[in-house]
Amino acid sequence: MSDTVALNPGPALAAATRAGVEPRGAKPRRALSGRNIMLYGTLAVAALYYLLPLYVMVVTSMKGMPEIRLGNIFSPPLEVTFEPWVKAWAQACTGLNCDGLSRGFWNSVRITVPSTLISILVASVNGYALANWKFKGADLFFTILIVGAFIPYQVMIYPIVIVLREMGIYGTLTGLVIVHTIFGMPILTLLFRNYFSSLPEELFKAARIDGAGFWQIYFRIMLPMSLPIFVVAMILQITGIWNDFLFGVVFTRPEYYPMTVQLNNIVNSVQGVKEYNVNMAATLLTGAVPLIVYFVSGRLFVRGIAAGAVKG
Amino acid sequence: MTGQAHTGRPSKLLRNLSSKIASIPMMLTAVVIFLGGTIWTVVYSFTNSKLLPRAKFVGFDQYERLWDAPRWIVSIQNLAIYGAFTLVFSLVIGFLLAALMDQKIRFENTFRTIFLYPFALSFIVTGLVWQWILNPEFGVQSVVRSLGWTSFTFDPLYNADIVIYGVLIAGLWQGTGLVMCLLLAGLRGIDEDIWKASRVDGIPMWKTYLFIVIPMMRPVFITTLVIIASGIVKVYDLVVAQTSGGPGIASEVPAKYVYDYMFQAQNLGQGFAASTMMLVTVAIIIVPWAYLEFGGRKRV
Amino acid sequence: MQNSVSIRDLSLSFGAVNVLENLNLDIGNGEFLVLLGSSGCGKSTLLNCIAGLLEPTGGQIFIKDKNVTWEEPKDRGIGMVFQSYALYPQMTVEKNLSFGLQVAKMPKPEIEKRIQRAAEILQIGPLLKRKPSELSGGQRQRVAIGRALVRDVDVFLFDEPLSNLDAKLRSELRVEIKRLHQSLKNTMIYVTHDQIEALTLADRIAIMKSGVIQQLADPNTIYNAPKNMFVAGFIGSPSMTFLRGEIVEKDGKPVFHTNGVDFSLDGYSAAEPLQAGRKVVLGVRPEHVKVNEDSAGAEAHQATVDIEEPMGADNLLWLKHAGHSMSVRVAGARRFAPGTAVRLSFDMGLASLFDAGTEERI
Amino acid sequence: MKIRSMAAILAATVVLPFAAANATDLEVTHWWTSGGEAAAVAELAKAFDATGSKWVDGAIAGSGGTARPIMVSRITGGDPMAATQFNHGRQAEELVEAGLMRDLTDVATRENWKDIIKPASLLDSCTIDGKIYCAPVNIHSWQWLWLSNGAFETAGVAVPKNWDEFVAAAPALEKAGIVPLAVGGQPWQAAGAFDVLMVAIAGKDVYQKVFGDKDEEVAAGPDIARVFKAADDARRMSKGTNVQDWNQATNMVITGKAGGQIMGDWAQGEFALAGKVAGKDYTCLPGLGVTEVIATGGDAFYFPLLEDEEKSKAQEVLASTLVSPAVQVAFNLKKGSLPVRGDVDLAAANDCMKKGLEILAKGNVIQWVDQLLSADSQKQKEDLFSEFFANPSMTPEDAQKRFVDIIASAE
């Protein structure tokens with residue numbers, strides 16, 4: 001843990017990085033004090049509330065339909081079956097195409113990867129420009145952007161359809177990537193701006209004295225110091241874009257439809273029996289990628305937020 | 001200092017040129033999409049556009065109809081309730097969890113992952129699973145009843161008076177983990193000497209949190225607030241997946257009104273009028289604050 | 001002497017706040033100029049303007065007779081050392097030193113040569129492969145100086161380079177910077193709030209307050225003939241004692257009079273005639289007062305010891321004299337119990353006299 | 001990109017030997033995604049593929065509410081599909097007026113749609129300014145009351161033969177712990193149930209006056225007041241339904257948890273799927289057993305204007321395929337809906353379907369609300385009735401007042 005402290009020279013940076021790792025509250029005293037029982041008890045109860053739905057999803061997804069109709073949703077499956085998973089992944093139908101979620105998986109990847117990369121690149125450059133190269137009027141644009149974070153997506157569908165149509169990229173992957181970049185921009189720019197503002201300003205000055213320009217400073221000085229905040233941005237974007245349904249379906253053609261469209265089709269197949277087990281399996285399969293990203297990089301997430309969002 | 005050619009101040013436009021060029025995507029987004037889209041929306045809210053936008057102006061007709069619509073009124077009330085409770089509860093729960101997590105506990109990583117994972121799931125999934133859990137025939141109610149308490153009633157999704165709280169339970173489940181993370185990060189940013197000082201001064205822990213630590217966490221609270229509040233205004237998917245606005249119109253929200261009228265009712269003008277009301281409300285609350293917070297301040 | 005850096009009518013304001021106002025300054029070739037002042041006086045702002053990191057609102061800056069007011073920092077021929085060192089954390093020391101040269105697309109052998117030279121001068125050869133995080137504060141600051149050194153520039157800018165170091169390291173590096181200046185003979189502009197650094201390093205000191213240079217002179221003049229009460233009070237520790245009074249005529253000569261006590265002004269060379277009745281302030285530095293234990297004497301400067309502060313080499317006495325409190329420095333060996341009555345004599349040649357209204361030196 | 005081009009090469013090598021080299025792909029969007037629906041769509045696709053072109057399926061689940069915005073966006077966004085489903089009615093009116101849709105008058109004249117499509121009102125819905133813009137594919141009627149014979153047996157009362165008997169039997173059902181009338185939570189179900197009640201109780205003429213002529217006075221009059229009284233009964237009987245989707249409500253009837261449900265003919269697919277037999281396990285009462293009429297709701301295909309010459313030709317082929325007799329039979333049998341032409345034989349139809357066909361043959365048809373009211377007014381109605389059915393404190397009189405307002409403002 002402490003090695004991260006040593007890695008960073010600037011006091012502000014060191015504090016920021018260390019901040020994500022070490023608990024700072026008052027120290028606990030005895031192991032089995034009343035205080036500890038309260039502490040862990042509360043945490044355990046909270047954990048139960050957060051875990052319950054996941055448990056229900058997993059359990060339900062492994063039951064057969066007859067068992068679901070009879071039993072309660074919390075009881076473990078009497079007979080474990082993976083049939084719903086298979087069905088959700090490979091057999092569930094959308095209209096004439098009966099290949100389940102698998103159909104949309106690669107599309108989701110094809111959408112998420114470039115959208116995540118480009119939106120982060122653009123937002124980080126914005127944040128960098130706002131933090132270090134502020135020009136007259138920059139704050140105005142930023143304020144509009146922040147207000148834009150509050151605009152419901154649905155409101156913007158028509159204007160964006162028109163803009164994309166005029167640009168001639170409606171229905172293309174490029175168009176969708178741009179849409180994701182636009183709607184990811186407010187929050188990401190805020191995060192990056194805060195992060196870059198928290199870096200010691202003298203580093204930036206030193207680089208300018210060294211003759212580095214806008215892009216050289218960005219790529220050679222700022223980027224290498226910004227891993228934590230990039231991790232945060234990546235997690236937020238992967239989650240958001242992977243889970244997106246509306247844009248994926250409105251701004252592309254069927255050959256690009258992401259996995260969530262199939263999920264929607266499976267879950268909302270209105271005219272048929274509701275197969276809860278398949279729904280849950282499909283839900284878990286669709287959520288798998290962001291979930292894995294969270295489980296793997298959750299630690300970096302807190303550290304990154306500590307480094308970025310904390311500083312105003 | 002003589003004989004030197006006098007170099008004039010370069011054009012204002014060219015100063016910081018790279019920065020300006022690099023900010024073009026941001027400027028375009030801000031001006032064309034957010035500002036332009038907003039203006040376009042406002043303009044067309046004064047028309048009777050149906051399926052397609054058309055410039056037949058009808059004055060305030062759409063607004064009169066909007067404010068006469070019981071569903072819109074219910075939506076606004078729901079948003080107010082949902083918003084107020086989400087704001088308060090996610091900050092309170094998020095902060096409590098963060099404070100607990102900050103007590104040098106064991107298994108911190110495990111707990112954090114548990115609290116945070118719902119954020120990885122979409123609102124659609126969140127709505128579905130909580131619909132399932134709160135279903136009186138399968139979920140919590142039936143389980144408690146099967147344990148012997150047969151008069152137990154807990155069916156928020158089928159009770160118009162409390163349905164919005166059912167949505168709230170799901171919304172908090174999805175969002176508080178992130179709030180906790182943000183606030184935990186903020187807590188970790190507090191100088192340890194503050195804790196030492198307050199311990200030496202004999203200030204009770206809760207007082208230290210309330211009067212010293214929380215005021216020091218202002219920046220992180222602002223980021224958190226932006227994220228929570230923008231989520232509240234946009235709440236749509238969750239309601240659609242969990243209750244579809246029901247029972248009746250008891251859990252309708254403004255974003256859903258906008259979407260339904262724009263696309264299902266094919267009455268763009270009405271949808272735009274509702275959007276405009278949302279935008280105006282947001283603008284009245286957010287713009288002055290955002291400008292104070294992000295605008296005039298100079299970097300030190 | 002040819003000027004290395006010239007500043008003409010420089011102004012800078014943030015909104016309604018004027019940080020610098022019509023500032024003029026000429027710095028000679030090879031001169032070591034210290035910008036001294038308390039925080040917020042505009043000294044760092046001025047340095048940043050010279051570096052090109054801040055754009056002035058008005059006026060011009062010349063370096064080597066070239067108008068660089070609107071030039072990029074890199075084109076100004078300057079190197080800069082920062083308070084927080086500002087080393088790039090992800091690069092080794094070597095990379096830190098070579099970054100600017102690489103950006104300038106300098107050929108590799110030349111870069112290596114320059115790094116070798118800088119490493120030799122600063123004795124950081126063994127550190128070249130390390131990351132900044134593996135260095136001590138003093139080492140980091142050497143590297144930071146090295147980064148300016150390799151640029152092989154005419155003007156070095158230091159922005160409080162020693163403020164983050166502890167007292168011992170600070171005095172060591174101070175000496176080293178002085179040595180560096182002596183061997184390189186570059187122009188150096190050095191910002192600090194520490195008067196010891198200013199007095200020890202500077203060829204000339206510019207004392208600033210509210211964006212205006214109060215006095216620009218060599219350390220000796222600054223110390224002994226401060227131009228106004230601000231400068232007089234700012235330099236010297238403990239501060240100069242100020243006695244408020246007026247000029248009276250006695251035996252045909254002007255005499256300083258306060259609280260019923262007269263001070264002969266013999267030996268003080270006033271720049272203007274001292275008219276009787278003029279309200280003035282007499283400034284006396286602690287070491288310019290002689291203390292005689294023998295309380296009897298012709299001169300009426302009787303005082304009593306209030307507090308004694310032994311400091312090793314010196315002994316600092318706080319005295320009550322004619323209703324004023326006054327600090328006096330005596331040799332460390334001379335001890336006085338509180339309450340002791342003493343007799344003072346003043347070296348008027350080294351005292352300062354200010355107009356009570358304008359606070360300017362008379 | 002690589003994968004795509006590889007797939008293209010693969011497809012080319014595989015397809016070329018069999019199909020004509022100029023096979024045209026047509027993308028068709030629709031919201032038919034359940035098992036029975038998909039099977040029905042497959043019939044359309046099969047028939048179209050047989051003409052040498054290719055049906056590329058673009059299904060979007062979640063009913064028209066989810067799918068329509070996507071379709072409209074794509075058409076207005078300049079990246080239209082080749083054909084798309086809409087309901088009979090006015091949903092695509094503006095797209096046609098904006099000149100974005102293809103004029104099918106040529107095909108229709110050539111194939112004499114005016115004479116073969118029955119009832120004629122279907123084609124009227126497709127006609128704007130004398131030109132025909134869509135190909136109707138089926139008729140779905142809403143006017144059905146589905147009853148669970150088992151539930152009534154449990155309650156110890158006879159299976160009702162009309163709405164009044166049903167209302168009278170409700171207390172007995174309730175006593176037996178059975179929800180008399182299942183009404184799902186989705187807004188369109190409540191609104192649809194009301195419309196059905198209106199036709200049944202107030203009759204065809206009143207219905208036509210209110211929705212067709214937008215006559216406020218009739219809407220405020222005693223006839224409609226009676227309908228609201230009936231809706232009030234329905235509301236009382238529907239208490240405790242607690243499901244969202246219509247098919248879950250149907251499932252309550254199938255399992256005997258509910259006595260009956262007012263729902264369109266698509267519900268019989270659910271009964272069939274559960275292995276229930278009409279007349280034995282369940283009973284269907286067209287027109288609620290009061291006024292036997294069939295409303296001609298349903299689906300039609302619209303064809304956006306395309307630049308590609310080949311595709312435009314294929315669009316015409318698709319249009320004529322959709323209304324061809326063989327396709328009509330195959331499609332509607334699977335879909336459980338009625339064909340749009342009177343000259344086909346549906347011998348394989350079940351009892352309930354046959355009842356519908358009879359009524360259709362008698363010409364007892366009305367236009368459905370979708371054809372008479374704009375989507376906007378429909379949505380307002382949905383809001384009103386979903387609130388009405390969920391909120392017992394709303395009086396029928398208040399509801400009627402709001403209903404009158406909606407009719408008054410309808411275009």
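1. Let me start with residues 5–235 of chain C. In this predicted model, that stretch is 37% helix and 27% strand, and its end C-alpha atoms lie 25 Å apart. The unreviewed UniProt entry annotates residues 5–235 of chain C as "domain: ABC transporter".

2. Next, a word on how the chains meet. Five pairs of chains touch, and the pair with the most contacts is A and B. Chains C and D, by contrast, do not touch; 37 Å lie between their nearest C-alpha atoms.

3. Chain A contributes 84 residues to it and chain B contributes 93 residues. On the chain A side, the elements giving two or more residues include helix H3 (34–61), helix H6 (102–132), helix H9 (173–198) and helix H15 (276–308) of chain A. Which of these elements gives the most to the side of chain A that touches chain B? That is H15(A), with 14 residues.

4. The side of chain A that touches chain B has 59 nonpolar, 19 polar and six charged residues.

5. Finally, please look at chain B by itself. Chain B is split into domain 1 (7–44) and domain 2 (61–294), with 33 Å between the domain centres, taken over C-alpha atoms. Their contact draws on four residues of domain 1 of chain B and six residues of domain 2 of chain B. On the domain 1 side of this contact there are two nonpolar and two polar residues, with no charged residues.

Terms used: Residues are numbered from 1 along each chain as its sequence is written. Chains are lettered from A and ligands numbered from 1 in the order in which they are written. This is a predicted model: local features need pLDDT of at least 70, side-chain atom pairs count only at pLDDT 80 or more; totals for chains, interfaces and linings use all residues. Two residues are in contact if their C-beta atoms, placed from the backbone, lie within 7 Å. UniProt positions are given in the numbering used here, feature names are shortened, and annotations may be inferred rather than shown by experiment. Helices (H or I, at least four residues) and strands (E, at least two) are DSSP runs, numbered from the N terminus. Domain bounds come from an automatic or database domain assignment. Ala, Val, Leu, Ile, Met, Phe, Trp, Tyr, Cys and Pro count as nonpolar, Asp, Glu, Lys and Arg as charged, and the others, Gly among them, as polar.
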